[in-house]
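Subject: Structure handover

Hello,

Here is the structure for you to work with. My notes on it follow below.

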Amino acid sequence: MPRYKIIVEYDGGPFVGWQRQDTGPSIQAALEDAILAFTAERVHVQGAGRTDAGVHARGQVAHFDLAADKPTDEVRGALNYHLKPHPIVVPAVEFAAPGFHARFSAIWRRYRYRILNRRAPAALDRGQVWHVPVPLDDRAMADAASVLVGRHDFNSFRSVACQSKTAIKTLDLLSVARNGEEIDIEVGARSFLHNQVRILVGTLQLVGRGQWSRRDVEEALAACDRSRAGPTAPPVGLCLMEVRYGAAAGCLAAYHQADAEEAVDDQ
């Protein structure tokens, strides 16, 4: 039974999130329905990250199994045909290595959060950026972000509904850069806590507004209390940019030996 690895791009606006739910349309359900339409097989599509309602992706990775081999070009073409008119595209399909798992074999994930920082709201990028009309000090935000890089207890920076057994995570990347009227926040780690990226962004924008200082961020991190960190930024500006896999991506044992962190990764 062949396993297929796919790259998925989507606009998360019309969906309740990645995961199939009874409350509305999901990316997972749309993919599974598309596979059913061209193979007559009801399969489970496993994603690398269970993005929340309104969160987008350029580099989501997923896998599924089919009963018989089909050429990857045929699978890609059929998926994109049957996904219409959903704002979901599968740009790449390949055969996965033995034992590959889109979620548990991942060794790194990178998200980008976009803030439009000007008085006027977005027109062309509406639904893709968080509009913050007051001036933000991106240099102060970048300085405060450095406090959060590394291995910490991020209990202050996760949803109260987070199901992870531990709040200890290693944040490899948290950068803030201004590009004209837009501020981009890049966040990278092996795995994330539920809403961790959006709470990090919500906290940093308080620093940008001048309402918080670097010291406030340090104290919020040390408190290990969700009520001490900033608000959860809206999902609209968040996008899963890439998921990386090592040379032994198919080996689940190697994953568990290399890092005991739980791959929750709900944003």
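This is a predicted model. I start with the cysteines. Cys162 is buried, because its relative accessible area is 13% and the cut-off for buried is under 20%. Cys239 falls in the buried class as well, at a relative accessible area of 12%.

A disulfide is a covalent bond between the sulfur atoms of two cysteines. The number of disulfides in this structure is 0. Cys162 is in no disulfide, and the nearest cysteine sulfur to it, that of Cys224, is 14 Å away.

Next, the helix packing. Helix H1 covers residues 27-39 and helix H2 covers residues 72-83; their axes come within 9 Å and cross at roughly 115°. H1 is therefore roughly perpendicular to H2. As for handedness, the crossing of H1 and H2 is right-handed. On the H1 side, the contact is made by Ala30, Leu31, Ala34, Ile35, Ala37 and Phe38. On the H2 side, the residues are Val75, Ala78, Leu79, His82 and Leu83. By class, the residues of this contact of H1 with H2 comprise 10 nonpolar, 1 polar and no charged.

Some backbone points may matter when you check the geometry. Most residues other than glycine have a negative phi, and most peptide bonds are trans.

- Lys84 and Pro85 are joined by a cis peptide bond, with omega about 0°. Pro85 sits in the loop between H2 and strand S4 (88-95).
- Ala40 is not a glycine, yet has a positive phi of about 65°. Ala40 belongs to the loop between H1 and strand S2 (46-47). With a relative accessibility of 67%, Ala40 is exposed.
- Asn195, also not a glycine, has a positive phi of about 70°. The loop that holds Asn195 runs between strand S9 (182-189) and H4. Asn195 has 11% relative accessibility and is buried.

H4 itself spans residues 196-209, and Gln205 is located in this helix. Is Gln205 buried or exposed? Gln205 counts as buried, because its relative accessibility is 4% and anything under 20% is put in that class. Setting aside neighbours within four places in sequence, Gln205 makes contact with Trp130, Leu136, Met141 and Pro231.

Gly127 is in the loop between strand S5 (106-116) and strand S6 (130-131). The relative accessibility of Gly127 is 30%, so Gly127 counts as partly exposed, between the 20% and 50% limits. Which residues does Gly127 touch, not counting those up to four places away in sequence? They are His56 and Val236. Gly127 can also be compared with Gly12: the two are 115 residues apart in sequence, while their C-alpha atoms are 9.1 Å apart in space.

Regards

Conventions. Residues numbered from 1 in each chain as written. Predicted model: local features only at pLDDT ≥ 70, side-chain atom pairs only at ≥ 80, totals over all residues. Heavy atoms only, no water. Axes fitted to C-alpha atoms, helices over the stretch in contact; angles between N-to-C directions. Helix = DSSP H or I, 4+ residues; strand = E, 2+ residues; numbered from the N terminus. Parallel < 35°, antiparallel > 145°, perpendicular 65-115°, else oblique. Left-handed = near helix turned anticlockwise from the far one by under 90°. Contact = heavy atoms within 4.5 Å. Nonpolar A, V, L, I, M, F, W, Y, C, P; charged D, E, K, R; others polar. Disulfide = S-S within 2.5 Å. Buried < 20%, exposed > 50% of the residue type's maximum accessible area, 1.4 Å probe, protein only.
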